[in-house]
Amino acid sequence: MTERLYYSDSHLAAFEAEVVSCTPSGKGYYVTVLDRTAFFPEGGGQPGDTGVIGDVPVTDTHEKDGDVCHYTSEFIEPGSYVKCSIDWGRRFNFMQNHSGEHIVSGIVHSMTGFNNVGFHMSEGFVTVDFDGELTGEQLEEIERTANGAVWENREVRAWFPAAAELKDIEYRSKLDITEGVRLVTIDGYDTCACCAPHVKRTGEIGVIKITDFMRHRGGVRITMVCGGDALADYCTKQDNVRKISVLLSAKPEETAGAVQRVKQELAQLKTELAEFRRQVTQSKIAGLKPTEGNMCIFEEKLDMQSMRELVNAGMELCTGICAGFVGNDNDGYNYVIGSKYTDLRTASREINSAIEGRGGGKPEMILGSAAASRRSIEEYFLK
């Protein structure tokens, strides 16, 4: 059984160990077991560590039958003594986020009685599910209280209480376990059963930021970031605000109002454009003449809804098919083809073959695209 060094020192990033076994997985990697390790195997919502054993990369870490299994890209000789190191930046990010999640979950539980019923840690953010709904105002208060815990720089104690001692301790746990329970305690904020490595003091978390929340299975799912991930999130959003500020010629703190004004102007322009299109379409409809046989209409810049109205009018004025095309020979065409006399669903295969098209629809109207030239299309419909 692997000795787990991260239990006694969560900040141990480099160590030496003996290789107990290294077996091929059949999936292009090897499963390497050491007699002792600081690599944390995936568990409790926290991903497994990566790093190196000797010079061999470790791509993931899991637990199996009491051993910590390191997934390595190469064979490592059993019995050899190796220097190992974990990807400390990645691990520390996970520790910051995980410890921050404990604080938030503990505060939610003490304030509302809601339980953490789901926890997932990804590269860059954490999601936490609670079995009751929380409002935006409540989450703002929870975030302020959680950051207060960070700034107080409380000790984060990870320990294995004796069975007799455990009976008198109130702690959060998703699993009903009574033996080998490891507790992580942040005095005044949370005590929770957890197998993962954590920061030693809450100040190491840096900052806790709740970035989003949504209703989820009768409760709420929050998204949060801590420490380095919170800084990266802030920098990304600050960069976006700066770019929006430049585009809108507005101060960064005034971008929301500027966007609202642009949105209102855009809505007005859309209304004016719709009226202009209506007038243009009506003008073109008025220019249609009764036609024996097929009618073919070409417009380079008309929108498809207007073309559809034009084709509907043309169907009433011709005794065959009214075919409308928007586009040009270089970029191709989108079409609306209608008829009161021809079953276009049946005829669509022949039509598409003739105009190098793709599309279909109902017996009275088909929609699609065509790659043929205007001349070829006209020759087919107006032959």
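Strands, labelled E, are DSSP runs of at least two residues, numbered from the N terminus. In this predicted model, Thr 223 belongs to one such run, strand E15, which spans residues 219-226.

**Partners of strand E15**

- Strand E10 (residues 125-130) runs antiparallel to E15 and is joined to it by five bridges.
- Within this pairing, Thr 223 of E15 is the bridge partner of Thr 127.
- Strand E14 (residues 208-216) is likewise antiparallel to E15, and eight bridges join the two.
- Ile 222 in E15 has Phe 213 standing opposite.
- E14 and E15 form a hairpin with two residues between the strands, and in this hairpin Arg 217 takes a positive phi near 50°.
- In a regular strand, side chains alternate between the two faces of the sheet.

**Nonpolar cores**

- In soluble globular proteins, nonpolar side chains tend to be buried together.
- The largest nonpolar core comprises 33 residues, and those with the most contacts inside it are Ile 103, Val 104, Ile 208, Ile 222 and Met 224.
- At least two residues of this core come from each of H2, strand E9 (116-122), E10, helix H3 (136-151), E12, E14 and E15.
- Helix H2 makes the greatest contribution to this core, with six residues.
- Ile 208, one of the residues with the most contacts inside the core, touches Gly 100, Ile 103, Val 104, Glu 143, Ala 146, Asn 147, Val 150, Met 224, Val 225 and Cys 226, when its neighbours within four places in sequence are left aside.

- Three strands in the order E11-E12-E13 make up an open sheet with antiparallel pairing.
- Strands E11 (156-159) and E13 (190-193) lie at the edges with a single partner strand each, so one side of each has no neighbour in the sheet.
- On average, neighbouring strands of this sheet are turned by 15° against each other, direction ignored.
- Strand E12 (residues 183-186) and E13 run antiparallel and are joined by four bridges.
- Ala 193 in E13 is the bridge partner of Leu 183.
- Helix H2 (residues 88-112) lies across E12 and E13, and runs at about 70° to E12.

**Packing of helices H6 and H7**

- Helix H6 (residues 255-286) packs with helix H7 (residues 304-317) at an angle of about 25°, and their axes are 10 Å apart.
- The two helices H6 and H7 are therefore roughly parallel to each other, because angles under 35 degrees are counted in that way.
- The crossing of H6 past H7 is right-handed.
- On the H6 side, the contact is made by Arg 277, Thr 281, Lys 284 and Ile 285, while H7 contributes Ser 306, Glu 309, Leu 310 and Ala 313.

Definitions and conventions: Residues numbered from 1 in each chain as written. Predicted model: local features only at pLDDT ≥ 70, side-chain atom pairs only at ≥ 80, totals over all residues. Heavy atoms only, no water. Pairing = 2+ DSSP bridges. Axes fitted to C-alpha atoms, helices over the stretch in contact; angles between N-to-C directions. Contact = heavy atoms within 4.5 Å. Core = buried A, V, L, I, M, F, W, Y, C linked by side-chain atoms within 4.5 Å. Buried < 20%, exposed > 50% of the residue type's maximum accessible area, 1.4 Å probe, protein only. Parallel < 35°, antiparallel > 145°, perpendicular 65-115°, else oblique. Left-handed = near helix turned anticlockwise from the far one by under 90°.
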